[in-house]
Amino acid sequence: MILVPIYQLMVCPYLEYAGATDETDRTAFDEPRAFCTVIDEFVQPMRADICNDRYELSHEYHCEIYREHTDGKDEHAAEKSE
Amino acid sequence: MSYENYLGDEPLIVTAAVTGGVHGKEANPNVPETPEEIGRAAAAVEEAGAAVIHLHARKSNGERTFSTDRFQEIDDAVREHTDDIIIQHSTGGTGASDEDRHLPLRTDPPPEMASLDMGPLNRYDHLTSENTRGLVNSLYDEMQERGIKPELEVFNDGHRNEVFGLLSRRDLDEPVYATLIFGPGTLTRPTPQNFLNAIEDLPDCALFNTLGFGRHQLPFAAMGIVFGGHIRVGLEDNVYYRRGELAESNAQLVRRSVRLADELEREVASPAQAREILGL
């Protein structure tokens with residue numbers, strides 16, 4: 001897999017842009033796409049906006065994957081596990 | 001709209017929602033994203049029987065954009081590839097500013113139709129698409145100025161109140177066109193009972209369009225056909241053809257719904273017939 005780091009402030013630290021993967025059953029894209037290194041998957045376009053803190057979105061606030069992966073565990077996930 | 005409309009042979013308007021803004025090729029590689037891909041998808045769904053195409057705009061890497069220029073490129077491609085299909089732009093956009101939400105209305109010429117979300121919608125675990133009444137009013141007003149027919153997107157039962165509220169605030173042209181959306185989360189729970197209640201509880205001046213998310217696309221299309229409404233299908237709302245099998249194309253989903261209508265002896269509307277029904 002070829003991963004391209006994003007050198008911008010504010011984007012999610014787990015965001016990379018990947019053009020292809022070594023796995024034959026995974027899609028290869030013409031242009032690099034948002035890839036979440038926590039879940040090891042390409043992310044949906046709307047999630048990519050959250051990863052990049054575009055519009056009025058914030059990965060720290062809006063992304064449950066980021067929240068679950070950081071020390072402050074996700075409250076919603078805790079509720080679901082109760 | 002009712003079972004009597006079905007018995008009365010009102011033609012069925014099929015809308016194809018070909019790309020959406022939430023998921024892309026990571027979910028199904030057959031989701032069209034570039035203007036050229038969307039143009040070719042438009043030709044295929046028109047050939048299959050869709051009278052309306054519902055459009056979102058994407059950047060070249062598949063990510064969302066609301067820019068007028070990108071919608072213009074997409075419209076140009078759709079017009080190049082199709083004969084007469086009705087173009088409907090999405091004005092939806094979770095997290096996007098109110099100004100961004102207006103941009104899809106500003107192509108030249110403007111789209112004949114545009115979506116107008118009736119209220120909030122939860123996304124993932126920590127995100128809500130707000131769709132305030134102020135935004136609804138301002139989007140509606142610009143649609144009115146530019147001669148664009150609003151497609152009122154009703155995510156849940158409370159949003160039917162918002163339809164009545166919009167009717168009290170603004171003088172909408174008849175027929176009002178409301179898309180009733182069934183599925184998980186904030187959407188109306190996808191049960192036949194709720195479908196019947198929803199179509200019963202619309203204003204008399206409204207036609208309804210039926211949209212079931214995911215596995216509910218096919219059965220809710222069937223109900224829409226039988227109960228005299230119209231239907232929306234496509235990869236925006238459902239990336240599968242059947243359980244565990246990705247859809248090959250938007251046209252494949254349109255063809256299935258047209259076959260269903262044919263079996264149920266409901267004529268499928270051409271774009272010209274759809275314009276007449278919708279009062280465009």
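Trainee: Hi! How many residues apart in helix 3 of chain B are B:Arg70 and B:Glu73?

Mentor: Hello! They are three residues apart in that helix, which spans residues 68-81, so about one helical turn separates them. Keep in mind that this is a predicted model.

Trainee: Thanks. What do B:Arg70 and B:Glu73 form?

Mentor: A salt bridge, with 3.2 Å between the closest N and O atoms. B:Arg70 is buried at 14% relative accessible area, while B:Glu73 is partly exposed at 40%.

Trainee: And which residue does B:Lys25 pair with?

Mentor: B:Lys25 makes a salt bridge with B:Glu37, again with the closest N and O atoms 3.2 Å apart. B:Lys25 sits in the loop between strand 1 (14-17) and helix 2 (35-48) of chain B and B:Glu37 in helix 2, so the pair ties together parts 12 residues apart in sequence.

Trainee: Switching to the interface, how many salt bridges cross between chain B and chain A?

Mentor: The rule finds three. On the side of chain B that touches chain A, there are six nonpolar, 11 polar and 10 charged residues.

Trainee: How much area do the two chains bury between them?

Mentor: About 2300 Å², with 53% of it on carbon and sulfur atoms. The contact involves 27 residues of chain B and 28 of chain A.

Trainee: Back to those bridges: which residue of chain A does B:Glu63 meet?

Mentor: That's A:Arg54, at 2.6 Å from N to O.

Trainee: Is B:Glu63 buried or exposed?

Mentor: Buried, with a relative accessible area of 3%.

Terms used: Residues are numbered from 1 along each chain as its sequence is written. Chains are lettered from A and ligands numbered from 1 in the order in which they are written. This is a predicted model: local features need pLDDT of at least 70, side-chain atom pairs count only at pLDDT 80 or more; totals for chains, interfaces and linings use all residues. Side-chain values use heavy atoms; hydrogens and water are left out. Contact means heavy atoms within 4.5 Å. Buried area is the accessible area (1.4 Å probe) that two parts lose on being put together, summed over both. A salt bridge is a side-chain nitrogen of Lys or Arg within 4 Å of a carboxyl oxygen of Asp or Glu. Ala, Val, Leu, Ile, Met, Phe, Trp, Tyr, Cys and Pro count as nonpolar, Asp, Glu, Lys and Arg as charged, and the others, Gly among them, as polar. Buried means under 20% relative accessible area, exposed over 50%, partly exposed in between (1.4 Å probe, protein chains only). Helices (H or I, at least four residues) and strands (E, at least two) are DSSP runs, numbered from the N terminus.
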